[in-house]
Amino acid sequence: MPDLILHHYPRSPFSEKMRLVLGYKKLAWKSVVVPAIMPKPDVQALTGGYRKTPVLQVGADIYCDTTLICDVLEHVQPEPTLYPPHLKGVSRVFAQWADTTLFWASMAYSLQPKGRAHVFGKAPPEVAEAFGEDRKAMTGNIVRLRPGDATSAYRSYLRRIAHMVEEHDFLFGIDPCVADFAAYHPLWYTRVQVPVLADILGATPAVGEWMDRMAAIGHGTLDKFNSADAITVAKAAEPMPAGQNLLIDSAFQDDHGIALGSRVTVTAESFGPEPTEGVLLAATRTHYTLQRENPRTGTVHVHFPRIGYVLRKAQGA
Ligand SMILES: N[C@@H](CCC(=O)N[C@@H](CS)C(=O)NCC(=O)O)C(=O)O
């Protein structure tokens, strides 16, 4: 199998989720640090439009969204598992809550004016302004909590997590599962990136101890790589044939009346409106795969989870 290449940046919470999963599975990976705001020409050359972080590249296969990347890494390295059989349903449901409701409460709390001043403290004012404009353009239909409301919600969520980790070392038992990685990264952002606001974690010491156990997992073995070389890797590789790639299923599930082979777009339901356009190669229970051509990358397959993404016929198709 070609190398695992993670396109990410140090301060990104969802990237921290993936770095820790790579560490948990003791995988070796190549690290490409990407810009936190647009423009992202190299990322978008690979994805065809999707600009969120992180993205996993394996040769000429590009996997978008950490939900799907977790499935891919589970396939690559099944042990230790992210989805223990008795927690298969609840771990995914909990992870979905953590990646959305908990994440946005943490962001709104952590990036209130005091937190923002810390994060952008040493940078010229234009940097904070450009970041704010970039994220505003991504917002779409996300409800942005006001700091007071975010604080109340975040505090309650931390207490709920504390109740779970007071019972056992990890959320659902003696080992971490996908739910732990999803719940950890929003809290990591507060603790590590915005320490001036991390006092909110002090009310629930069990959460801090669980976070220490999560942090101790580490990031696996990584080598620095750069985006130009990652594009060369994509160009030199052939995408893996559908059904033989790193995804868990291949049976066509037609919920849209859109035939395989159609020209389509896939867009995130919320946050990040940039569509990826290509030819629909797979629409399974769990994912969509689009084939794209780009002079810089050659033919690539771009994969998205089905949940949280909108499939449409491309204009004029
Ligand atoms: N559902 C996505 C969310 C990813 C996400 O929102 N990532 C943030 C960074 S942590 C992002 O993309 N911010 C804008 C950017 O990096 O361009 C996933 O699980 O990967």
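These are my notebook entries on what I looked up in this predicted protein model.

**Ground rules**

I number residues from 1 along each chain as its sequence is written, and side-chain values use heavy atoms, with hydrogens and water left out. Since the model is predicted, local features need pLDDT of at least 70 and side-chain atom pairs count only at pLDDT 80 or more, while totals for chains, interfaces and linings use all residues.

**The whole protein**

I began with the secondary structure and found 10 helices and 10 strands, where helices (H or I, at least four residues) and strands (E, at least two) are DSSP runs numbered from the N terminus. I then looked up the overall extent, and the C-alpha trace spans about 55 × 50 × 40 Å along its principal axes. The radius of gyration is 19 Å, which agrees with the value near 20 Å that a compact globule of 317 residues would have; it is taken over C-alpha atoms, and the globule rule is 2.2 Å times the number of residues to the power 0.38.

Buried residues make up 54% of the 317, with buried meaning under 20% relative accessible area, exposed over 50%, and partly exposed in between (1.4 Å probe, protein chains only). The protein exposes about 14200 Å², of which carbon and sulfur atoms supply 56%; these areas come from the Shrake-Rupley method with a 1.4 Å probe, and for residues only the protein chains shown count as cover.

For contacts (heavy atoms within 4.5 Å), I noted that residues 24 or more positions apart account for 71% of those with a separation of 6 or more. The charges came next: there are 32 positive and 32 negative side chains, and the centres of the two sets lie 4 Å apart. Lys and Arg count as positive and Asp and Glu as negative, without His and the chain ends, and each charge is placed at NZ of Lys, CZ of Arg, CG of Asp or CD of Glu.

Helix H1 covers residues 13-24, and its 12 residues reach 17 Å from the first C-alpha to the last, close to the 16 Å expected at 1.5 Å a residue; the expected span is 1.5 Å times one less than the number of residues. I found that 12 of its 12 residues are buried, including Glu 16, Lys 17 and Arg 19. What covers them includes strands S1 (4-8) and S2 (28-33), together with helices H3 (66-76), H4, H8 and H9.

In the loop between H1 and S2 I came to Lys 26, which has a positive phi of about 50 degrees although it is not a glycine. Lys 26 counts as exposed, at 74% relative accessibility.

**Backbone exceptions**

Most residues other than glycine have a negative phi, and most peptide bonds are trans. Asp 65 is not a glycine, yet it has a positive phi of about 85 degrees; I found it in the loop between strand S4 (61-64) and H3, and at 16% relative accessibility it counts as buried.

Two cis bonds also went into the notebook. One joins Met 38 and Pro 39, with omega about 0 degrees, and Pro 39 lies in the loop between S2 and helix H2 (41-47). Another runs from Thr 53 to Pro 54, with omega near 5 degrees, and Pro 54 is in the loop between H2 and strand S3 (55-58).

**Helix H7 and Thr 151**

The 21 residues of H7 should span 30 Å at 1.5 Å a residue, and the end C-alpha atoms are 31 Å apart, which agrees. Its buried residues include Tyr 154, Tyr 157 and Leu 158, and among the elements covering the buried set are helices H4 (88-110), H8 (178-193) and H9 (205-215).

Thr 151 is found in this helix, residues 147-167, and counts as buried at 17% relative accessibility. Not counting residues up to four places away in sequence, Thr 151 touches Tyr 109, Gln 112 and Ile 200.

**Two further residues**

Glu 129 lies in helix H6 (residues 125-138) and is exposed, with a relative accessible area of 57%. Its C-alpha is separated by 37 Å from that of Thr 299, 170 residues apart along the chain.

Ser 227 lies in helix H10 (residues 227-236). Leaving out residues up to four places away in sequence, Ser 227 touches Val 32 and Asp 42. Ser 227 and Asp 254 are 27 residues apart in sequence and 35 Å apart in space, C-alpha to C-alpha.
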